[in-house]
Amino acid sequence: MSIHYTTGTTQSLADAGDFGARAAAAAAIAAAHAESVDREGRFPAEALEALRTQRLLGAAIPIALGGEGASLGALADACYALGRACASTAMIFAMHHTKIACLVRHADGDPTIDGVMRRIAAEQLLMASSTTEGNNGGNVRSSAAAIERDGDHVILERAATVISYGAEADGVVTTARRAADAGASDQVLCVFLKEDYTLERLSGWETLGMRGTCSAGFKLRVRAAPEHVLAARYQEIHGRTMTPVSHILWSSAWAGIAASAVEKAQAFTRTAARQAGGQTPPGAVHYARAVSSLKQARALIAAALDRYEALAQDPAALDALDFQTTITMLKVDVSELALAAANSAMRANGLAGYRQDGDFSVGRQLRDLLSAPIMIHNDRILANLSTATLLAPVAASLRA
Ligand SMILES: Cc1cc2nc3c(=O)[nH]c(=O)nc-3n(C[C@H](O)[C@H](O)[C@H](O)COP(=O)(O)OP(=O)(O)OC[C@H]3O[C@@H](n4cnc5c(N)ncnc54)[C@H](O)[C@@H]3O)c2cc1C
């Protein structure tokens, strides 16, 4: 089985400057509506319309299928820009493009999956993600619902605990057990478009933050052609694409949210210093911590992105414990650093930061970032990592 990687820039039509300008234009619209999206817990419709207008939803689809072959780096930059503007929009963009990456890299030339990608690019379709199911929590490598045959079709009935923007999406990419008699970890990845499924709402999304992701619970009922199930084993997709791309794009969105909090701390600290006749306010130490946490997060993301792009053509290296450790820990570390940055920003700004109104408020950023350590719980990731690394030798020298 071959894997089509387009993380590098070689196949990219999208001019980096042009792509950045289009992302910035969408981010400006997202920023203008971020407060009402958060307050009303509503889908960021204006921002999504802007992403469609800028043709950013299909940007990562290969050129041959009507997209631009945008690089993962360009998408990460866009997530950061959107995160500074509206956390929910950034996370929606990150989740959508994680699903697209799975299709792009593992479709293996299948005409049905290629057809879906053509439609995503041409119609700027928004794709949701369904991995969390029943009582399984964030255990993505275990599925309860199975793909079953029904004549010429496959059917799937899934109790999805949360599907972000499920009601607004044009399609869903979901994990499932391969067949009724398959084990929980013998999974496949499937892509379905709106005409292939129905959603019955099971629960709402009244949360502290990330309120615009509208991540309600649904019963997902699918009836579709069997070709909508990717031939590749999910185990491979998970380690080589799903985890790396989601962790890089989520982290970029979280870093963007943190950057917006740091910006507010900088503005407050400058104002306080001006008012004190040029003297740095005592709270500036927290501003310094906020800057440092953000810089560390950005450095980790940049390093992970470089590493992934370098190894992208080498499935064995991607599967190796070394890379898997780096890429899983990226999510754990950046989620905590981004939250630490926003927390420091709030302490730098004092009451002005704690207030929900005013120019120096960082309440929204802090609430949104509280989702980061629990979006696939860091405890779960660390527990899995400790099991995986227990038998591996500890490095004997510094640079080996
Ligand atoms: C903003 C947002 C958007 C989301 N969007 C989607 C979406 O679109 N689609 C989707 O499928 N999911 C989505 N999710 C869900 C997400 O992917 C995780 O599945 C979910 O956050 C896990 O939640 P949980 O705390 O209920 O479950 P768990 O992961 O089960 O965690 C619950 C508790 O159990 C502990 N725990 C459980 N297992 C272990 C273990 N093995 N080792 C150590 N501790 C453990 C944890 O510490 C934690 O305290 C979203 C989540 C968020 C926050």
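This is a predicted model: local features need pLDDT of at least 70, side-chain atom pairs count only at pLDDT 80 or more; totals for chains, interfaces and linings use all residues.
Figure 1. Strands of a sheet pair through backbone hydrogen bonds, in either a parallel or an antiparallel sense.

**Figure 2. Strand 7 and its two neighbours.** Strand 7 (residues 216-224) runs antiparallel to strand 6, and six bridges join the two. Within this pairing, Arg-201 has Phe-218 of strand 7 as its bridge partner, while the partner of Leu-199 in strand 7 is Leu-220. Strand 3 also pairs with strand 7 in the antiparallel sense, here over eight bridges. In that pairing, Ala-159 stands opposite Lys-219 of strand 7.

**Figure 3. The two faces of strand 7.** Which residues make up the covered face of strand 7, and which the uncovered one? The covered face consists of Ala-216, Phe-218, Leu-220, Val-222 and Ala-224. On the uncovered face are Gly-217, Lys-219, Arg-221 and Arg-223. Phe-218, the bridge partner of Arg-201, therefore belongs to the covered face under the burial criterion, by which a residue is buried if 20 or more other C-beta atoms lie within 10 Å of its own. Lys-219, which has Ala-159 opposite, is on the uncovered face.

**Figure 4. The pairing of strand 4 with strand 5.** Seven bridges connect strand 4 (residues 171-177) and strand 5 in the antiparallel sense. Two of the facing positions can be followed here: Val-173 stands opposite Val-191 of strand 5, and Arg-177 stands opposite Gln-187 of strand 5. Why is strand 5 described as largely enclosed by the rest of the structure? Six of the seven residues of strand 5 (residues 187-193) are buried, so the strand is largely enclosed.

**Figure 5. Ala-182 in the loop between strand 4 and strand 5.** The loop that lies between strand 4 and strand 5 includes Ala-182. Is Ala-182 buried, exposed or partly exposed? Ala-182 has 15 other C-beta atoms within 10 Å and is therefore partly exposed. Leaving aside residues up to four places away in sequence, Ala-182 touches Ala-146 and Arg-177. Ala-182 and Ala-144 are separated by 38 residues in sequence, and their C-alpha atoms are 9.9 Å apart in space.

**Figure 6. The shell around the ligand.** The ligand is surrounded by 22 residues, of which the closest are Gly-137, Gly-138, Ser-164, Asp-379 and Ala-383. Strand 1 (127-130), strand 3 (153-163) and helix 12 (378-389) each contribute at least two residues to this shell.

**Figure 7. The contact between domain 1 and domain 3.** The protein is divided into domain 1 (16-126), domain 2 (130-228) and domain 3 (234-389). Between the C-alpha centres of domain 1 and domain 3 the distance is 21 Å. Domain 1 supplies 21 residues to the contact, and domain 3 supplies 21 residues. On the side of domain 1 that touches domain 3, helix 3 (72-85) and helix 4 (87-106) each provide at least two residues. The residues on that side of domain 1 comprise 13 nonpolar, five polar and three charged.

Key
Residues are numbered from 1 along each chain as its sequence is written. Domain bounds come from an automatic or database domain assignment. Two residues are in contact if their C-beta atoms, placed from the backbone, lie within 7 Å. Helices (H or I, at least four residues) and strands (E, at least two) are DSSP runs, numbered from the N terminus. Ala, Val, Leu, Ile, Met, Phe, Trp, Tyr, Cys and Pro count as nonpolar, Asp, Glu, Lys and Arg as charged, and the others, Gly among them, as polar. A residue is near a molecule or strand if its C-beta atom, placed from the backbone, lies within 6 Å of it. Two strands pair if DSSP finds at least two bridges between them. A residue is buried if 20 or more other C-beta atoms lie within 10 Å of its own, exposed if 12 or fewer, and partly exposed in between; C-beta atoms are placed from the backbone.
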